[in-house]
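Reader: I am new to protein structures and would like a close look at a single part of this one. Could you take me slowly through the place where one part of the chain meets another?

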Amino acid sequence: MDINRIRQDFPILSHTVYGKPLVYFDNGATAQKPRCVVEKIVEMYESFNANVHRGVHFLSQAATDKHETSRITVQKFLNAKSPSEIIFTRGTTEAINLVASSFCRAFCKPDDEILITAMEHHANIVPWQLQGDITGVKLQVAPINADGELMLEEFEKKISERTKLISITHISNVLGTVNPIEKIIEIAHKHNIPVLIDAAQSVQHATVDVQKLNCDFLVFSSHKIYGPTGVGVLYGKEKWLNAMPPYQGGGEMIASVSFEKTTFNELPFKFEAGTPDFVGTTALATALNYVSEIGIDKIAQYEHELLEYATERLLAIPKLRIYGNAKQKCSLISFLVDGIHPYDMGMLLDKMGIAVRTGHHCAEPLMRELGIDSTVRASFAFYNTKEEIDVLVSGIERIRKMFE
Ligand code: PLP
């Protein structure tokens, strides 16, 4: 990969912050956008702006065509069987809320269980708790070991006849752990339990093939895979989506409405009430085409090199401890340096032009498990370089000396 050429596709990467070249290591929170994505958004508003699905006029049909073609792009990207299995949402969070609400209403009774892991993002915890208040479902939590890996045997022991769904992150946004989802799906299906994969941190780093995985649901956010904010995807097998009630009511999700009774539209529209973000979905398709052209496998390989380089260099810093040492790990590193509060570390790195994330990373239960409140997280994308990692390392060294 020609990283210098790739970096030119991302206008923001040539910016300076406080007079220093920007080093952007907050990709786990949101990724930067290539020019083609930004230009697609402008083109959509300048040339194709009209409400989709409902108009007979030229512009409405053109916008509808763009929006529905984007659905097919997502279908192909995930290798889903049909575009009807692709539901556009506002993001991973809304996609999990959709499944939690509709699935629990359709299939759960009081004391049924949803099995998650100790490393989940709040987006894969709280929606189930909200459903607990309504339908009485309860959370079961599978533990992790000291390296931040899921304990598979313990995980299987948590499965019972009350387990109705397993909802698990593919890659931890705090530890970088890549979960063995193939194995988990196999175990779950042996017990006839469907599986939801939270792919918010994985589709941008690894090839994800929903038919090969045989997962029942999979969710991701556009903004983490170089697309615009405010758009996300729920993939669901048709047999589940057809059996689940609508999530929200409104325009487009109906077949017919009277004051007495409403019947619902077919998939995928049954789950897409109201005007969709057709500009966002079209720009998401542009982002997916962009990464596909580079090749997710090539991206994964290069990011792994960055991870190995950064791990080695960070571990050489005295008093620095990395949280998350799974054998299968993605390109992010959470760390703490003894005697330096992560917030101070983040603020001082920022003054050097280095953007990292500090805090609990929306995973408070995991933090409690680790016995800490927060970490500093550097998360790498394929436009990052080893030279930028060197800048981070010398920044941390400088801050460490300041605190000595
Ligand atoms: N799940 C994981 C693993 C995440 O890392 C995130 C965001 O950081 C989310 C879910 C929520 O994504 P969003 O805020 O885009 O809905």
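Author: In this predicted model, the chain is divided into domain 1, which takes in 3-30 + 295-403, and domain 2, which covers 38-293. The C-alpha centres of domain 1 and domain 2 lie 28 Å apart, and where the two meet, 38 residues of domain 1 are in contact with 31 residues of domain 2. Between them, domain 1 and domain 2 bury about 2,700 Å², with 56% of that area on carbon and sulfur atoms. On the side of domain 1, the residues that lose the most area to domain 2 are Ile296, Cys330 and Leu366, which together account for 21% of what that side buries.

Polar groups also take part in this interface, across which there are 20 residue pairs in polar contact and one salt bridge. Lys327 forms a salt bridge with Glu149, and their closest N and O atoms are 3.4 Å apart. The elements α11 (296-315), β14 and α13 (364-370) each supply at least two residues of the side of domain 1 that touches domain 2, and the largest share of that side, six residues, comes from α13.

The strand β14 also belongs to an open sheet of four strands, arranged in the order β13-β14-β17-β16 with antiparallel pairing. Its edge strands are β13 (320-323) and β16 (357-359), each of which pairs on one side only, and neighbouring strands of the sheet are turned by 30° against each other on average, direction ignored. Over four bridges, β13 pairs in the antiparallel sense with β14, which spans residues 332-337, and Tyr323 stands opposite Ser334 in β14.

Key:
Residues numbered from 1 in each chain as written. Predicted model: local features only at pLDDT ≥ 70, side-chain atom pairs only at ≥ 80, totals over all residues. Heavy atoms only, no water. Pairing = 2+ DSSP bridges. Axes fitted to C-alpha atoms, helices over the stretch in contact; angles between N-to-C directions. Domains from an automatic or database assignment. Contact = heavy atoms within 4.5 Å. Buried area = accessible area lost by both parts, 1.4 Å probe. Salt bridge = Lys/Arg side-chain N within 4 Å of Asp/Glu carboxyl O. Polar contact = N/O pair within 3.5 Å; in protein donor to acceptor, adjacent residues only side chain to side chain.
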